[in-house]
Amino acid sequence: MGVLWTACVFGLILASTLEAVPECPLEISPQKPVVRYGDPVTVNCTATQTPRGMGWEATVGATGMKTGAQSVTWSVSSLTDWTAEPKCYGNFLTEPKQCRKNLIIILYKYPASVSLSSDSPVDQMVEGRQYQLQCEVQNIAPVQYLTVNWYRGQTLIHSQTFSHNTTRTPVNVSVRHLFTADRAHSGQQLTCEAELNLGPEGPQPPPANQSDPLQITVLYEPEITGCPLSVDLEEHHSLQSSVTCTAEGSPPPKTRWVKDGQQIDPSVKMTRTDEGQFTYEATNTQGTVNHTVMVEVRYKPVFSQSGDTIQTVPGNITVLVCRADGNPPPRYNWTYSTADNVAVKYTDRGSTVTINGASTSNTGIYTCFATNEVGEAQKTFKVKLKNHAPDVSALVGWIVVGLAVSPMFVG
């Protein structure tokens with residue numbers, strides 16, 4: 001019981017003693033100066049109660065004990081001591097009898113140089129490949145406040161900090177970054193930047209040094225655009241004027257048109273016999289790509305003969321056949337002019353007209369019009385009666401011009 005009582009009393013005395021000790025009555029301003037290497041620095045230390053004496057203890061700029069002073073100044077015209085840790089101290093008549101406060105200084109130095117390099121030439125990057133970039137920051141301090149930023153153009157692509165490194169003296173820093181090349185990056189610039197972020201007490205905005213930029217060129221195989229799968233080309237027009245195919249790539253590709261394995265001149269005017277499968281081909285150092293276009297040549301109708309003269313026997317059935325070559329296949333219309341020049345028009349009658357029982361009332365000039373989207377052609381049939389009496393076999397006979405199809409009856 002006696003031992004326990006003694007321990008409790010000692011604890012109370014110790015606690016009261018600790019509580020009675022006041023804080024060190026010294027105030028430092030500025031509390032955390034940020035100083036550029038070689039620049040001057042001035043810091044005041046002020047006592048908040050009457051001191052017997054006070055001063056600065058430091059490897060450079062020490063003041064010694066000054067009696068009767070309420071404040072003392074630590075001043076250095078050019079701070080170059082990386083290990084400087086000044087301490088302001090004071091002696092007092094009352095508690096605390098003696099105390100000191102340490103000054104935290106951030107002495108910094110801009111990098112002597114910042115440079116960027118690559119393990120391969122940046123003007124020959126290949127799309128999809130990774131390249132190792134290296135940023136060299138020379139003679140910078142303190143490194144724990146350093147951030148190395150990587151930029152593609154104005155876009156920040158990577159950052160690295162060194163807060164774990166508490167080295168106060170200048171050091172050289174080498175930072176690596178893997179960069180994946182993309183065609184969208186071609187023509188842009190890569191830079192790295194050394195930024196010293198020294199906090200609110202430091203310069204604003206934070207000082208930063210950039211490397212010289214690296215102008216990058218990304219190589220990639222051609223890409224063909226604007227090419228249709230098929231095209232209808234009008235006869236006597238060229239492939240070049242009717243099909244718009246373009247190719248881009250890095251380096252710029254060479255292009256050509258190929259048909260049946262042979263290169264052709266796309267500016268040559270095409271005929272109906274030229275239609276078929278054509279290939280647009282683009283080639284550069286990164287590869288060859290191609291696109292196939294099916295070309296159909298469209299042409300206006302054409303007849304093998306301009307016209308026919310048909311002699312028939314009265315009462316006979318005569319079929320007029322009008323067939324034209326054309327693409328797309330033509331539509332047919334007819335006009336009929338009697339011997340008295342009375343014109344009759346027949347539309348959508350097809351490629352044949354049937355004269356059912358030839359007579360003076362239905363003989364004359366029959367004109368066939370073959371039409372498609374490209375143009376029109378016409379063929380004339382002059383139908384006449386023979387000047388002798390028909391025999392019995394002729395009355396039931398057929399006179400067929402061309403190939404007979406579904407008959408249409410006229411008259």
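**Disulfides, polar contacts and nonpolar cores of the predicted model**

Ser 351 lies in the loop that runs between strands β30 (343–346) and β31 (352–356); helices (H or I, at least four residues) and strands (E, at least two) are DSSP runs, numbered from the N terminus. The structure is a predicted model in which local features need pLDDT of at least 70 and side-chain atom pairs count only at pLDDT 80 or more, while totals for chains, interfaces and linings use all residues. Residues are numbered from 1 along each chain as its sequence is written, and side-chain values use heavy atoms, with hydrogens and water left out.

Ser 351 counts as buried, at 12% relative accessibility (buried means under 20% relative accessible area, exposed over 50%, and partly exposed in between, with a 1.4 Å probe and protein chains only). The side chain of Ser 351 is joined to that of Arg 323 by a polar contact of 3.3 Å. A polar contact is a pair of N or O atoms within 3.5 Å; within protein, one must be able to donate a hydrogen and the other to accept it, and residues adjacent in sequence count only if both atoms are side-chain atoms.

Across the protein chain, the secondary structure comprises 3 helices and 35 strands. Of the 411 residues in the protein chain, 39% are buried. Among contacts (heavy atoms within 4.5 Å) with a separation of 6 or more, 67% are between residues 24 or more positions apart.

The whole structure contains 5 disulfides, a disulfide being a pair of cysteine sulfur atoms within 2.5 Å. With bonded cysteines counted along the chain, the disulfides follow the pattern 1-4, 2-3, 5-6, 7-8, 9-10. One of the disulfides joins Cys 24 to Cys 99, with an S to S distance of 2.0 Å. Cys 24 lies in the loop between α1 (2–20) and β1 (26–29), and Cys 99 in strand β8 (residues 98–102), so this pair ties together parts that are 75 residues apart in sequence. The torsion about the S-S bond of Cys 24 and Cys 99 is about 70°, and the disulfide is therefore right-handed. Cys 24 is buried, at a relative accessible area of 18%, and Cys 99 is buried at 12%.

A further disulfide is formed by Cys 135 and Cys 192, at 2.1 Å from S to S. Because Cys 135 belongs to strand β12 (residues 130–140) and Cys 192 to strand β16 (residues 189–196), the pair ties together parts that are 57 residues apart in sequence. The S-S torsion of Cys 135 and Cys 192 is about 75°, so this disulfide is right-handed. Both Cys 135 and Cys 192 are buried.

The sulfur atoms of Cys 227 and Cys 245 are 1.7 Å apart and form another disulfide. Cys 227 is located in the loop between β19 (218–225) and β20 (230–234), and Cys 245 in the loop between α2 (239–242) and β21 (246–250), so parts that are 18 residues apart in sequence are tied together. The link of Cys 227 and Cys 245 is right-handed, with 115° about the S-S bond. Cys 227 and Cys 245 are both buried.

Cys 245 is also in contact with Thr 225; not counting residues up to four places away in sequence, Thr 225 touches Thr 244, Cys 245 and Thr 246. Thr 225 lies in strand β19 and counts as partly exposed, at 38% relative accessibility. Its side chain makes a polar contact of 2.8 Å with the side chain of Thr 246. The C-alpha atoms of Thr 225 and Thr 244, which are 19 residues apart along the chain, are separated by 8.7 Å.

The largest nonpolar core has 30 residues, and those with the most contacts inside it are Met 125, Val 137, Leu 146, Val 148, Trp 150, Val 173 and Leu 190. A nonpolar core is a set of buried Ala, Val, Leu, Ile, Met, Phe, Trp, Tyr and Cys residues joined through side-chain atoms within 4.5 Å. Two or more residues of this core are supplied by each of β9 (106–108), β10 (113–118), β11 (125–126), β12, β13 (146–152), β15 (171–180) and β16. Strand β12 provides the largest share, 5 residues. Apart from neighbours within four places in sequence, Val 137 is in contact with Pro 111, Ser 113, Val 114, Val 148, Val 171, Asn 172, Val 173 and Ala 194. A second, separate core has 24 residues, including Leu 26, Val 35, Trp 82 and Leu 103.
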